[in-house]
Amino acid sequence: MSEFRSSEIVQDKTGRQYHIGLSPDDISDKIIIVGDPDRARRVADLFESVRVSRQNREYVTFTGTYKGLELTVMATGIGCDNTEIAVVELCQLKFPVTIIRCGSCGALQSDIEIEDLVISSGAVRLENTSTFFVEPGYPAVASHEVILALLKSAANEKLPHHFGMTATAPGFYGAQGRHIPGFPAKDEALMDRLTKQGIKNFEMESSTLFTLASLRGFRAGTICAVFALRPRNRFIDPVKKGKAELRAIKTALGAFEIINKMDEQKGNAPFWLPEFS
């Protein structure tokens, strides 16, 4: 991997990154990214202690301790462009990192219900942010250790969850083929095609996260709470939104506990592998 030229990294003399407003000592190497700043605050509310609380532009960050682990949660705002900035700048502060996106999504398959969780194996790159780094056919895949940790955490919590491919769109309306009065989408058949291809859900960040993770060489994964059932045109009751969001948060936090155990078990080995008696 080629080295970054320092002149191309936007930071002040203390190493504080321009957009996220953080310096190396402000973050953990275990990071949860969310879109909504209120969701970041909900995660931080579960920490035993918080040592960093900072906002710069739309980036809201908390670093604290959860069950003995130091974790960082950052709200990036919506979209792949915001995610790109966050991931690139976080990796200038600390490396290697492990990043779990904890988000919301619209389900595309009939066996998925509102409030269920979807754990992504990879993502269809409908966005173009990642194409400024890699070829159009470059796969956007989650890290196997993070996938296993998320699946195990969801099972431990006894939460309904699904696993499979996600589609990452660069927008919420036209980019996801929505039928909106006055704003006809160019490709209104997109959702039907993705459903037939077995895609589990629509969201707006994961393919960029996965691509950058593979390119730079760090672990990443995504868990989303289902807020919408696209084929049935149903959206979550606002009363139930907090419950669904908390399911995803607790699963992501539990996954980091499992990842920590994996890292302890594998020692200097490059990968965690299951052991069978």
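**Close-up views of a predicted model**

The structure holds two aromatic pairs, and the legends below, which begin with these pairs, describe a predicted model rather than an experimental one.

**View 1. An edge-to-face pair formed by Phe-95 and Phe-218.** The ring centres of Phe-95 and Phe-218 lie 6.5 Å apart and the ring planes stand at 90 degrees, so this pair is classed as edge-to-face. Because Phe-95 belongs to the loop between helix 2 and strand 5 (98-107), while Phe-218 belongs to the loop between helix 5 and strand 10 (219-229), the pair ties together parts that are 123 residues apart in sequence. Phe-95 is partly exposed, with a relative accessible area of 33%, whereas Phe-218, at 6% relative accessibility, counts as buried. The peptide bond that joins Phe-95 and Pro-96 is cis, with omega at about 0 degrees, and Pro-96 is placed in the loop between helix 2 and strand 5.

**View 2. The aromatic pair of Phe-172 and Tyr-173.** Phe-172 and Tyr-173 form an edge-to-face pair, with 4.9 Å from centre to centre and 85 degrees between the planes.

**View 3. Helix 2 beside helix 5.** The axes of helix 2 (residues 80-93) and helix 5 (residues 206-216) come within 9 Å of each other and cross at roughly 30 degrees, which makes helix 2 roughly parallel to helix 5, given that angles under 35 degrees are counted in that class. The crossing in which helix 2 passes helix 5 is right-handed. On the side of helix 2, the contact is made by Cys-80, Thr-83, Glu-84, Val-87, Val-88 and Cys-91, and these residues meet Thr-208, Leu-209, Leu-212 and Arg-216 in helix 5. Sorted by class, the residues in the contact of helix 2 with helix 5 are six nonpolar, two polar and two charged.

**View 4. Helix 1 crossing helix 6.** The axes of helix 1 (residues 37-45) and helix 6 (residues 238-266) come within 11 Å and cross at roughly 55 degrees, and helix 1 and helix 6 are therefore oblique to each other. Helix 1 passes helix 6 in a crossing that is right-handed. Arg-39, Arg-42 and Val-43 are the residues of helix 1 that take part, and they meet Gly-242, Glu-245, Leu-246, Ile-249 and Leu-253 in helix 6. The contact of helix 1 with helix 6 divides by class into four nonpolar residues, one polar residue and three charged residues.

**View 5. The surroundings of Leu-126.** Leu-126 is found in the loop between strand 6 (117-125) and strand 7 (140-141), where this leucine is partly exposed, with a relative accessible area of 31%. Leu-126 and Thr-168 are 42 residues apart in sequence, yet their C-alpha atoms are 5.7 Å apart in space. When residues up to four places away in sequence are not counted, Leu-126 touches Ala-167, Thr-168, Ala-169 and Pro-170, together with Leu-190, Leu-194 and Phe-202.

**View 6. Ile-78 in the loop between strand 4 and helix 2.** Ile-78 is placed in the loop that runs between strand 4 (69-75) and helix 2, and with a relative accessibility of 60% it counts as exposed. Leaving aside neighbours within four places in sequence, Ile-78 is in contact with Met-204 and Glu-205. The C-alpha atoms of Ile-78 and Val-34 are 8.7 Å apart in space, although the two residues are 44 residues apart in sequence.

**View 7. Positive phi at Arg-57 and at Glu-115.** Arg-57, which lies in the loop between strand 2 (49-56) and strand 3 (59-66), has a positive phi of about 55 degrees although it is not a glycine. Glu-115, found in the loop between strand 5 and strand 6, is likewise a residue other than glycine with a positive phi, here near 85 degrees. Arg-57 is partly exposed, with a relative accessible area of 48%, whereas Glu-115 is buried, with a relative accessible area of 9%.

Terms used
Residues numbered from 1 in each chain as written. Predicted model: local features only at pLDDT ≥ 70, side-chain atom pairs only at ≥ 80, totals over all residues. Heavy atoms only, no water. Axes fitted to C-alpha atoms, helices over the stretch in contact; angles between N-to-C directions. Helix = DSSP H or I, 4+ residues; strand = E, 2+ residues; numbered from the N terminus. Parallel < 35°, antiparallel > 145°, perpendicular 65-115°, else oblique. Left-handed = near helix turned anticlockwise from the far one by under 90°. Contact = heavy atoms within 4.5 Å. Nonpolar A, V, L, I, M, F, W, Y, C, P; charged D, E, K, R; others polar. Phe/Tyr/Trp six-rings, centres within 6.5 Å; stacked < 30°, edge-to-face > 60°. Buried < 20%, exposed > 50% of the residue type's maximum accessible area, 1.4 Å probe, protein only.
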